[in-house]
Amino acid sequence: MTDSAQSPLRIRWQESLVAVRGGAGGPDPLPYADNLLARWAEPQRRYHTTAHLTAVLDRIDTLAGHASDPDVVRLAAWFHDAVYRPDRSENEERSAVLAERALGEAGVPEDATAEVVRLVRLTVTHDPADGDTNGEVLCDADLAVLASGPKDYAEYAAQVREEYAFVPDEAFREGRAAVLRQLLGLPRLFRTPLGIAEWEPRARQNLMTELELLSGM
């Protein structure tokens, strides 16, 4: 990632962290941003990159009015895939542990840190409880890629395949198809009013199209 791409993200991190600290003093936010940005730029990533982080933050900005604490949700976005190894199943838990440690060091109050940790763990299921507005915003922002236009969705699907390049084609098709069926089986993919109205129909169409393509291979 170039410096020009890093700088806006560093500023966004700093603004959210300072806001969540509520004016209290604390360590310089930027070294924490740099550590996280280095994680998001690791070579094994193809989809879970700083481009994904930026997209999630942008969607959170769009949905911010629905959240009870948008800056806490933004911090959760920074951590939700901070630990990412495609061959591991405990990425979200390791990311949550990282958030708990780093935010405690960075001067974030305990209650806000606990909420960030809870939100990161919620991305395992993307199934927030009714009324969990912070969770609804984070999960909708994370899944918004499913509602992309055809070209962007095809690029997303190709990037996911690249991250799992170590998996043989047949096994990948079976695993990916299972994920798609699980998503299509949910009563709703999105929980915010905007997500339900604007993203749900296109996302379901994209998922069905990808599933049909996988089935025809």
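Asp71 and Arg74 both belong to helix 4, where three residues, about one turn of the helix, separate them; helices here are DSSP runs of H or I with at least four residues, numbered from the N terminus. The model is a predicted one, in which local features need pLDDT of at least 70 and side-chain atom pairs count only at pLDDT 80 or more, while totals for chains, interfaces and linings use all residues. Residues are numbered from 1 along each chain as its sequence is written, and side-chain values use heavy atoms, with hydrogens and water left out.

The side chains of Asp71 and Arg74 meet in a salt bridge at 3.1 Å, N to O, the term meaning a side-chain nitrogen of Lys or Arg within 4 Å of a carboxyl oxygen of Asp or Glu. Arg74 also meets Asp61 in a salt bridge, at 3.0 Å, and this pair links distant parts of the chain, since Asp61 lies in helix 3 (residues 50-63), 13 residues apart from Arg74 in helix 4. Arg74 is buried, with a relative accessible area of 17%, whereas Asp61 is partly exposed at 36% (buried is under 20%, exposed over 50% and partly exposed in between, with a 1.4 Å probe and protein chains only).

Helix 4 (residues 70-80) also packs against helix 5 (residues 91-105), their axes coming within 9 Å. In this contact, counted as heavy atoms within 4.5 Å, Leu75, Phe79 and His80 of helix 4 meet residues of helix 5 including Leu98 and Ala102.

How values were computed: Axes fitted to C-alpha atoms, helices over the stretch in contact; angles between N-to-C directions. Helix = DSSP H or I, 4+ residues; strand = E, 2+ residues; numbered from the N terminus.
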